[in-house]
Amino acid sequence: MIIGTQVSINALLAFGVTFVIITGGIDLSLGSMVAVTGVVAATFAHPDTYPLAVPLLAGLGAGLLFGAFNGFVVTKSKVPPFIVTLGTMTIGRGLALILSKGRPVSNLSDPFNFIGGGNVFGIPFPIIILIIAFLVCSVILNKTILGRYMYAVGGNEPAARASGIGVNRVKMWVYTICGILSALGGILLTSRITTGQPNAGAGFELDAIAAAIIGGTSTSGGTGTMTGTLIGALLIGVISNSLDLLNVTSYYQQVVMGVIIIGAVVLDSAGKKERG
Amino acid sequence: MAETILRVKQLSRSFSGIKALDNVQLDLKKGEVHALMGENGAGKSTFMKILIGLLAADSGEIIFEGSHLENSNVSDTLKKGISMIHQEMLVIPELTVAQNIFLGREKEVTRKSGWPSLWLDDSEINRKAAELLKQMGVSIDPEARMKFLSVAQMQMVEIAKAISNNAKVIIMDEPTSAISDREVATLFGIIRELKAREVSIIYISHKMDEIFEISDTITVLRDGKYIATKAASELDNNSLIAMMVGREISQMFPENAGNHGEVVLSVQNLSSKGKFSDIHFQVRSGEILGLAGLMGAGRTEIARAIFGLDPLEKGEIKIRDQNVRIQSPQDAISKGIGYVSEDRKGLGFIPDMSVSDNIILSSLRQHRKGIFIDEKGKELTVNRIINELRIKTSGTDQKAVQLSGGNQQKVVIGKVLLASPEIVILDEPTRGVDVGAKVEIYKLIRNLSEKGIAIIMISSELPEILGMSDRILVLSKGRQTAVLSGKEATQEMIMKYAVA
Amino acid sequence: MGMKFNAVYAVFIAGVILLGCNQSGGSESGGENAGKKLVIGATMLSMQNEFIVNVSDEMESRAKALDVELITVDAERSALKQVEQVESFIAQGVDAIIMNPCEVEASSPAVKLAMNAKIPIINVNSETSAKPTAFVGSDDTESARIAMKYIAEKLGGKGNVLIMHGFMGQAAQLKRDAGAKEVLKANPGLKLLAEQSGEWDRAKAMSLTENWIQSYGNQINAIFAHNDEMGMGAVKALEAAGLKNKVIVISVDAIPDALQAVKKGTLDATIYQNAAQQGGTAIETAIKAAKKEAFKKEVLIPFQLVTKENVGEFLKQ
């Protein structure tokens, strides 16, 4: 249960970035989106101000706008997504500090804090969000036309364009979805630590990308599954948790994690060679 | 008879139980051009990989200059004098021509000029490269970056590299697949020069006319087995194809009924700066219009512009008397235009996607329930196409990249057809496709035209253009120089207008 | 596809095995602790910060001396990670938790979780808004007071001062700011020229000081940096501009580098915060709380001003 709760945020971000990576892109602004959306949600979540829906919609809306902005710049500018989102990563961090005036936004309402800390039928609420998000993302990827187009765009963008697919629209969608999932992660984080932290989420993008890659998503695009990503996220959670409890110094933990990321990709490409 | 430089006996190699090469033999004489022929999958590339030491053989002997080549790796065979010019040009684009030629041998050059061995003597490398290129009679700046060279120029550099390596055997894998006719002439000149210097060439190509023009001897492989070795003069087109395919092909091109309807597509005054200008033609329903011309004449560029892949500078496109503006492939498809690209790997299909997903890609919107994919309807359609086009696949789930070239091409054609086009542009529809599969694709094209689809077919193979087209539009340097009737045109006429 | 999943599963299984090992290890220590050995879990703000590492080292050696098992984890400056680590400690059934909080607000849920689970939690070095079982640390406001008073004294109550903040919003920054402003108010002759965050970082502090030198030049009389890392950065920038002997620099923590600088006279003074005493007291308090013995709810370790005169005794420590 604890591991489920602990991986929930990383898994949500990893789902988002899996969509992006499948189309051959990358999103480095995840962590900053977590901070911005968390601060925005927290701003509206003080007790006795607005009903719970307001902070939630505000946070998700902020994520949607941020993601759509990423998508807009990526599709209109022809600048590689790595650069674009490296830029928006810094922009997001700045926005979070501006919106919060550099101070943590605290004193949040009980209903809001329930999202990250509460239980439903004995199951921690973050796990429920995680499961729902997983199902929705899997369906989008496997059962919808949009999902199929994502694979096509990442598998061979010129061919996808020549097949009459609106490549830019597909990209707009994936960055926007990624923004919304990041916002969900941001809200969850804010609720769990009962504070909107402008400095929160630093480095989250790397954990999320690592989860997707360990789960078999190819960084060159065109392949990847939500199940794989979920396993990747669980694996990272299980390992860092175990290492903590085994009292392995954090210095060694980083080394172990790096070895696992490389190991997963090596095993994966060894498998590919055997097949091809 | 000249002496033998390379003899291969009973060479075999299996991959996971399947015999890719089965008792293959070869007898290469000094200074001969020896063509290695066979359909895709016949085992040519496995054979060549073993020769250059990239793969090990399971059994068999390779005797080079009287001594056995065993367990050798690429750098061994290179030193002994066997070089290969790969189809996909293994060059370093950011390095210069000279640096590429002497890549891995910088120390030799440096040592000879007396510098300490860690020193990179680029000026000596440049001087030597210039000398070498001059000897070959090609004008390429040795200090130019590789990436700015044309494919033909890169090939020359690769040959220069082989010569500087003192290669006694040079393997050329489809060297003319991406270069213009004029460049082919230069290449053949160099090959003849190499022959005169007693260098032996193993020449792999699908282009029949070239084989008969350049080669002395022809060895044919089929399904991994050695079939025969004959002097080129003993063979002709048909007998060679029969050896490769294993059966007589009575008729390459299907009958043309010649039933044409009304004009479906007409273009006026089509221009695009630096690519083509003032193009005008019409295509009727059921008609096949051939676009002929040399490499770089603007044929593909015209197709890309009509299909909305590239912007058009000026000109009008009419579909059934309606002026249309096409700004993207999406527009083109919705207006009834289909395009089968010459660049199958780049624009045709998504390699890692299944056969079924590739076939359905352009018509996914017609197979949906809300935002979801209608999986059942999709499978029905896909299976219908697979049957109609006779696509050979182990199942609809097989990845498209695993199919043979001909079947990949059929998948692309299937995808285009499913979007129900009125006009189909086929750009080099049989490039990289086996002879057997070619015949099937010709039948397929004829079927489409008989169903009333207007077809524009671009091809560099003149027999194909002549065999299939009702009319032939000839282009030269971006201008249209003639429109010929398919029945009356000859190869000579086309060539005359193509160089005009 | 199949192959790819095999690879993923292989790694996953490796992970599960790792977890399995750990669980057996965990239950073993859990079973034993009723009889003899206590288990204490500690989560530290960042093991890349020298001061925190000093605190942690002392905790480690004291735990060994007192024969308790100490599990130390690194929160890597993330409050979320810290909360999760405390959750894991609770699940593992440790006897007491020592937390070196990342954030005042955001680390508070961890305190609440531990209190709800009835496991004593001791905050060390900095505070959270939720009240823990006990607090061991130093009053950061006091350190800033000492520093600003030193400046006021050296300048004779008159001059222009710059303040370099730590990460905005963190307890140490907020408190050191409050202490500094208090003294400024009491000394109207001291003028605050500018204040900015150097984010606890030497390099950032250096470029910040360079900018200040450009804007204010000779007007600068003194700089107060919230920690030694930033203080050292300021000293470097001032030395490069040839202004060091005109400007007083004081900072907090007394890290070895800073002590050396005080000895050489480049840094005018630092404030010694006793890492060893904090770490040791934290362990002692945790053991007492776990054994339900009497303990102090708040232990404040006093700060000491370190100048050239008394730096010798600190260098020995």
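**Domains of chain B**

I began with how chain B is divided. Domain 1 covers 4-245 and domain 2 covers 263-498. The model is a predicted one, and I read every entry below with that in mind.

I looked up how far apart the two domains sit. Taken over C-alpha atoms, the centres of domain 1 of chain B and domain 2 of chain B are 34 Å apart. Then I checked where they touch. Nine residues of domain 1 of chain B are in contact with eight residues of domain 2 of chain B. On the domain 1 side, helix α9 (residues 237-245) of chain B supplies the largest share, three residues. I sorted that side by class and found four nonpolar, three polar and two charged residues.

**Helix α1 of chain B**

Next I turned to helix α1 of chain B, residues 44-51. Is this helix enclosed or open? Six of its eight residues are buried, so the rest of the structure largely encloses it. I noted the buried ones: Lys44(B), Thr46(B), Phe47(B), Met48(B), Ile50(B) and Leu51(B). After α1(B) comes Gly53(B), and I read a positive phi there, near 85°.

**Nonpolar cores**

I searched for the largest nonpolar core and found 262 residues in it. Which residues have the most contacts inside this core? They are Ile455(B), Ile40(C) and Phe224(C). I also asked which element gives the most to this core, and found helix α9 (residues 167-192) of chain A, with 14 residues.

A second core is separate and has 69 residues. Among its members I listed Val24(B), Met37(B), Leu187(B) and Val220(B).

I went back to Ile455(B) and its neighbours. Leaving out residues up to four places away in sequence, Ile455(B) touches Ile288(B), Leu289(B), Val424(B), Leu426(B), Ile445(B), Leu448(B) and Ser449(B).

**Chain A**

I counted secondary structure in chain A: twelve helices and two strands. Along the sequence the order is α-α-α-α-α-β-β-α-α-α-α-α-α-α. Why do I call chain A as compact as a globular protein of its length? Its radius of gyration is 18 Å, close to the 19 Å that the globule rule gives for 276 residues, so the description holds.

Along its principal axes the C-alpha trace of chain A covers about 60 × 45 × 35 Å. Of the 276 residues of chain A, 62% count as buried. Last, I checked contacts in chain A with a separation of 6 or more: 79% of them join residues 24 or more positions apart.

Definitions and conventions
Residues numbered from 1 in each chain as written. Chains lettered and ligands numbered in written order. Predicted model: local features only at pLDDT ≥ 70, side-chain atom pairs only at ≥ 80, totals over all residues. Core = buried A, V, L, I, M, F, W, Y, C linked by C-beta atoms within 7 Å. Buried ≥ 20, exposed ≤ 12 C-beta atoms within 10 Å, placed from the backbone. Helix = DSSP H or I, 4+ residues; strand = E, 2+ residues; numbered from the N terminus. Contact = placed C-beta atoms within 7 Å. Domains from an automatic or database assignment. Nonpolar A, V, L, I, M, F, W, Y, C, P; charged D, E, K, R; others polar. Rg over C-alpha atoms; globule rule 2.2 N^0.38 Å.
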